[in-house]
Structure formats: structure tokens, C-alpha cells
Amino acid sequence: MKPVEGRKRVIIEDVEPQVGCGRYPTKRILGDTVTVTAAIFADGHDHISGRLLFRHENDRTWRSTAITSLTNDLWSASFIVDRPGMWNYTVEAWVDHFGTWHSDLRKRLAAQHDPAAGDASTDQNIPLALRTGALLLKDAATRAKGADAKLLTKALASLQEMADLAKDPIGEELDNLVEIVNRYPDLVLATRYHQKLSLWIDRERARFSTWYELFPRSASSDPSRHGTFADVEALLPEIAAMGFDVLYLPPIHPIGDSFRKGPNNNVVASKGEPGSPWAIGAKDGGHTAIHKQLGTLADFEHLVATAHTHGLELALDIAFQCSPDHPWVTEHPDWFIKRPDGSIQYAENPPKKYQDIYPLNFESSSWRALWQALHDVFDYWIQHGVQIFRVDNPHTKALPFWEWCIAEIHKKHPGAIFLAEAFTRPHVMYSLAKAGFTQSYTYFTWRNTSAELQQYFEEITKPPVADFFRPNLWPNTPDILHATLQNGGRPAFMQRVILAATLAANYGIYGPAFELGENLPAKSGSEEYLNSEKYEIRRWDRTAPHSLAPLITRLNQIRRENPALQSDGSLHFHPVDNPHVLCYSKIAGNNVIMVAINLDPREEQAGWIDLDLKHLAIGHGQAFDVEDLLTGIHYQWHGRSNYVALRPDVLPAHIFRIVRELDNGNDTKLTSAPEQAEITE
């Protein structure tokens, strides 16, 4: 291989962050400080300088900031992303000949006046070194502009004069010259990293959101009537008061009649039974139509606008599948898989059969038209006020489609948020996130021990995974009623919602089933609900005295008031000597939150927490105040070992706010229980 330019001596490696070797964009949030690191080095002992280049994709010119040496050839620089959308960044570095000369000259001058240097003190040839510096300044002056060029020209004459008179230069003057020369680097032999890396910037809702799911058809206060968008509007003040900021609706489209499912997934539906909202499409239309009993498009737009007045965004479920009655079945039969007998293949997951749903064929010869039609579904609802989409089973659709579709939507609508409902293999889940999905469902539902939770969340909240994957935790969904909730009673519901609300900045619940403690499975060993709302209209008593709404309201208030709970990167686990107790903390500036939770829904559990004081920036032996934000009780703790005891039937967790410096002169009432904090009735 013939070298293009063999004089470029600087090597740039291991630039971070990058996702998939630069194949996919790293994800950040508007206003974030993005820190880039790289290994940068060259042969010999010459100094290196460099810069981080960055720009929004709509900018024509690069912005730059100088890189800073850390240790062992590792360099770093940061910039703030001030616009949503796609950004690019890369690193450039070069041998800094003037910096090298300046450093060497300072050493020569120091040796010349150091008796301990021996013969070296008289063999420094300072005049020759000054003339070398003058030549470097001459080159720099040709690159400089305005006053800087004049100053450098004057400085090089001064260096030549000092060399002629054998005078030593003044160190402070030399330092000032370095600063000016650095503004005009010689980039002829600069090395630029071989990739222009990409960075996708989302709005804040992508990092911090609190979701509430409900079925509009079950929202009516009249037991004899199908729910409407107007009925959902009537619930908005209550949902907003609970602290939710995203209201998520299952599919709102016409439901097919052919092979319509009855209650409890019965393969036969009686007359008048509503069927599953996920069997999309009928004579009234498909994915851009609205179920007549819910209301009109104008009613929907009114709901969207009214939700905004309550601080709520509406999220729609997008399920790319069709009932046998969907218009696409007759208009575009080539978008579906045909069996040898000429019939269309319905959805199957043997031995399960879903005759009411036809999957789309992403290997269709008309795939371009199919892709465009699916893209247009998103675009249609965006035009009618929706910016958040929960996408049903995206892992059963072609991954290249998602990468194309989301990128196309983001070109016009960078604020669009896509939540992937993909309970599938890790590589597929991560590939969907890399392809552009903003948030993702997780394995949280099936992580129940302290070891499982710690291992999983250390994986998904730290780089490299956290550079592209944002978890959204759901203790329940209409599809999933985990055995923990089935068997653990009210304490299990409290445990799981506290974990969801504090482990991740994005979480949601399917209500009102969750806050009312709905926990009967369709059958033993099943995660399906008995009398599932997917197949029938349910009536809910939202005023029931056993509702967890007060606890959920307080949790969401705590999340809004404490920035530490509004992001995931600072999550840190602290050892406990009891495996049934999990302890973790989050930090944002001076806001420090620590959670201790009993994972046993039946028995009181206690243990000693071994706090990582260094991580919490607390001195050894230092007293500090912890306030339980769930109860308002304060405790005084000391040092690293502190005791908790938690009763699941009362309240299974502490959510502590830590005040690092205890002010004994304030009016806060401290519980007199050194190194202990436990809840009693």
C-alpha cells in the first residue's frame, strides 16, 4: 500500500463515544454536555495538540474546542448540544512544534541556572534555541490574522534580538506566545480521525417521562356505554394530578369483524363483543381511521389539545398488522404472505394462533410501497398532534425498515419519540435502539432478585449500552401480569412501582389495573390477565380505598422534585448484607437520592448497608441527614455502615434524600436512632 502522506505522525484511536464502530449515532439530550475521549499519540517526545470538531447537520462549518491531555495518551474535550437533531463530531491532532520548542526552552533555561545540573548548565546554547523559536514564530505569523499577526511578527524580531545579545527570554512572555500560536495551528500534517461520528439529540421527554396507559373504550362512567375520547378527557385532571406526563392509548382504529376474538381470547366472539384493538382494520378504514364509537378525528384532536393543557402528551400505539377486513388486504394483497392454497397467512406463534391478525410481508416485491405506507401512518398522526408512539412488536418487522422510517420521520420531526415494545433477544432489542428507537421496554419484569436487578441495570445504564439504549420500565402491561404481582399481593405492587420509578427515569403503568391491584391470571402459569381488557370492556372503580394512586402520586412528585431521578447514568449500587434488600443511589449535582427496598413481599427484612462514601462524597465518620421522602421522617446516619428494616405490608422502601453536610442548627427534627432507619406503623 502506497502511503498518501507519510509525514502525518499522529495516531488517533479509540474515539468514544461511538456506537457500532461508528455505524449508528450516539444518543444524547438537548442541552447535554457531550464529552469525547480519544487515545492520541505519536513517535518520540514531541508535544501534541488537537481539537474536537463538531457541528449540527444543518451547519456548513465546524465548531471546535481544544482537547486536553488526561493521562497515558488519553485526551478529552466537551461541547454542549444546543439544537435537537443529528450532529457530527470528529477529532483532529498534530505535532505541536512550537509547544515542543517552548517546553524544551524552559527546561534549558532551568538547567542553565541549576548548579545541580553540572556540565549541562553551561551547554544549553540558548541563542540557537531562540533562533529556532523565531523561525517557528515566522511560520505562525503567516497563518495569524490582524493584531495577532503583528504581535507574532514583533515577537520573532524580539527573539532574534535576544539571540544576538545572548539574553534570556522572560518566561511569562513565552507563555503568552504559546496561547497566541495555538490559535493558528499548522494543519498541513494534521491527522483527522478516519470517521465523522454521529450524535442524535432528543428533547428532554426522551430522557424523563412518566407514562399512564388506559383503554379509551373502558373510560365511560356509564356501564351501558362504550367509552369515548370525551370520557378520556374527563379523566385527564385525575391522571395529571397523579403526576403522569404521557397518556398512552392502545390502538384507536376500527376493529375487524372476521375471526374477532371474544373475552379471555376466546376464538369466537358473540354479537356486540368489541374484539381486540390490535386486530386493526375494517370497512371504515385502517391505520389512519378512528373507531366510530370512540369519536371523530375532531374529537381526537380536541383530546390531544386538552391533554396539553394538563401537561400531558398523548402517545399512540402503532401496531403494523391487519385484521382480515383491513382495506390493505384487498388493495395490496402482495403486502401479505400467501399460503399454497391461496389464503393469507395469519399470525402464529405455535401452538398459538391469531386468526384475527395478518402480519405484513417485509419480503414483498412491493416492499418500497409498503415501507412508504407505514411511514405515512406515523406522518398522518404527527399532522394531527401526536409526537410520541409506542410501537407494538417492532422486532417482528424488518430492522432496515425501522432505521429508514425513523430517520425519515426525524428529518421533519426531530421531536418525535418512539418506544419499542420489544420483549425479545438482547441483540435484537439493542439493534432496534441503534436503528433509532428512542426508548425501549426491558427485561425489568423478569428481574426480581437483588443480584438480577443489579446485574441488569449495571448493563443497561452504563456505556456502551447507555450510549444508544434508554430503558422504559413497566411493572405491568395488558399482555404481562408477572407471577410476582399474581402472588405477592399489595406489597408486590408497591415494590415494583417503587423500583420502576426510581431505577429508571422513564417508566409507566397500565392502569387502572395496576393501581387497583388487578392480579388474577387467565390460568395457572399464564401471564395473561383473567378477563383481559384486550378482549372486553372493563369497568373500574377508581375511587376504591385500596388504590395505590396516593403512593404513585407521591412517587411521581418525588421524581419531579429531584433531578437525580430524572436520568439513569449515575445509578450506583451499594452492598447490603441481606440479599432481600436492594440499595442504590442516584446523583445530580447536590441532589443525592438513595433507595433501600425490601424485595420480599411477605416478610420484614433488615440489613446493614455498606455505603460507598467516596461515591456519595461523604467523609468517613461524617454525620449526615437522610430524609425519607415517602414519610417525611429524618434520620441521622454516621459513616458507611447503616441499618434499615422494612416491612412490606407497611411500606417496603425508603427513598432517602441525603444532605451531605448535616446542619445541627436547623429546625429539622431528627429521629433518635443512630445508624438506623426503619418504618413502623
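Q: Helix axes here are lines fitted to C-alpha atoms over the stretch in contact, with angles between N-to-C directions running from 0 to 180 degrees. Given that, at what angle do the axes of α12 and α13 cross?

A: This is a predicted model. In it, the axes of α12 (residues 483-503) and α13 (residues 549-561) cross at roughly 15° and come within 10 Å.

Q: Parallel or antiparallel, then?

A: Roughly parallel: an angle under 35 degrees counts as such, and α12 and α13 therefore fall in that class. The crossing of α12 past α13 is right-handed.

Q: Which residues make the contact?

A: From α12, Met-494, Val-497, Ile-498 and Ala-501; from α13, Leu-551, Ile-552, Leu-555 and Arg-559. Seven residues in this contact are nonpolar, none is polar and one is charged.

Q: What about α2 and α3, what angle do they pack at?

A: About 165°, with the axes of α2 (residues 126-143) and α3 (residues 146-165) 8 Å apart. That angle makes α2 roughly antiparallel to α3, since the cut-off for that is over 145 degrees. The α2 and α3 crossing is left-handed.

Q: Which residues of α2 and α3 make that contact?

A: On the α2 side they are Pro-127, Leu-130, Arg-131, Gly-133, Ala-134, Leu-137, Lys-138, Ala-140 and Ala-141. On the α3 side they are Ala-149, Leu-152, Thr-153, Ala-155, Leu-156, Leu-159, Gln-160, Met-162, Ala-163 and Asp-164. By class, the α2 contact with α3 has 13 nonpolar, three polar and three charged residues.

Q: And α9 with α10, how far apart are the axes?

A: The axes are 8 Å apart, and α9 (residues 399-412) packs on α10 (residues 426-435) at about 25°. The two helices are therefore roughly parallel to each other, and their crossing is right-handed.

Q: Which residues meet there?

A: Leu-399, Trp-402, Glu-403 and Ile-406 in α9 meet Ser-431, Leu-432 and Ala-435 in α10. Five of the contact residues are nonpolar, one is polar and one is charged.

Q: Switching to holes. How many cavities of 30 Å³ or more are there?

A: Three. The largest cavity holds about 100 Å³ of space.

Q: What lines the largest cavity?

A: Its lining is Phe-215, Pro-216, Arg-217, His-226, Pro-250, Pro-251, Ile-252, His-253, Ile-255, Pro-277, His-291 and Leu-294. By class, eight lining residues are nonpolar, three are polar and one is charged.

Q: And the second largest cavity, what volume does it have?

A: About 40 Å³. Val-36, Thr-37, Ala-38, Ile-40, Leu-52, Ile-67, Trp-75, Ala-77 and Val-91 line the second largest cavity. Two elements give two or more residues each to that lining, β3 (33-41) and β7 (74-80).

Q: Which element gives the largest share of that lining?

A: β3, with four residues. As for class, the lining of the second largest cavity has eight nonpolar residues, one polar and no charged.

Q: What about open space: how much lies in the largest pocket?

A: About 1,200 Å³. The largest pocket is lined by 37 residues, and those nearest its centre are Asn-349, Lys-352, Tyr-354, Asn-393 and Asp-479. Strands β15 (347-349) and β16 (352-354) are the elements giving two or more residues to the pocket lining.

Q: How does that lining divide into nonpolar, polar and charged?

A: The lining of the largest pocket divides into 14 nonpolar, 10 polar and 13 charged residues.

Q: Where do Pro-17 and Pro-512 lie?

A: Pro-17 is in the loop between β1 (11-16) and β2 (26-29). Pro-512 is in the loop between β22 (506-510) and α13.

Q: And what is phi of Asn-531?

A: Near 55°, which is a positive value in a residue other than glycine. Asn-531 sits in the loop between β22 and α13, the loop where Pro-512 also lies.

Conventions. Residues are numbered from 1 along each chain as its sequence is written. This is a predicted model: local features need pLDDT of at least 70, side-chain atom pairs count only at pLDDT 80 or more; totals for chains, interfaces and linings use all residues. Side-chain values use heavy atoms; hydrogens and water are left out. Angles under 35 degrees count as roughly parallel, over 145 as roughly antiparallel, 65 to 115 as roughly perpendicular and the rest as oblique. A crossing is left-handed if the near helix is turned anticlockwise from the far one by less than a right angle, and right-handed if clockwise. Contact means heavy atoms within 4.5 Å. Ala, Val, Leu, Ile, Met, Phe, Trp, Tyr, Cys and Pro count as nonpolar, Asp, Glu, Lys and Arg as charged, and the others, Gly among them, as polar. On a 1 Å grid over the protein atoms alone, a cavity is a set of points where a 1.4 Å probe fits but cannot get out, and a pocket is an open set with protein on both sides within 12 Å along at least five of seven lines; lining residues have an atom within 4 Å of a point. Grid points are joined across faces, edges and corners, and a volume is the space filled by probe spheres set on the points.
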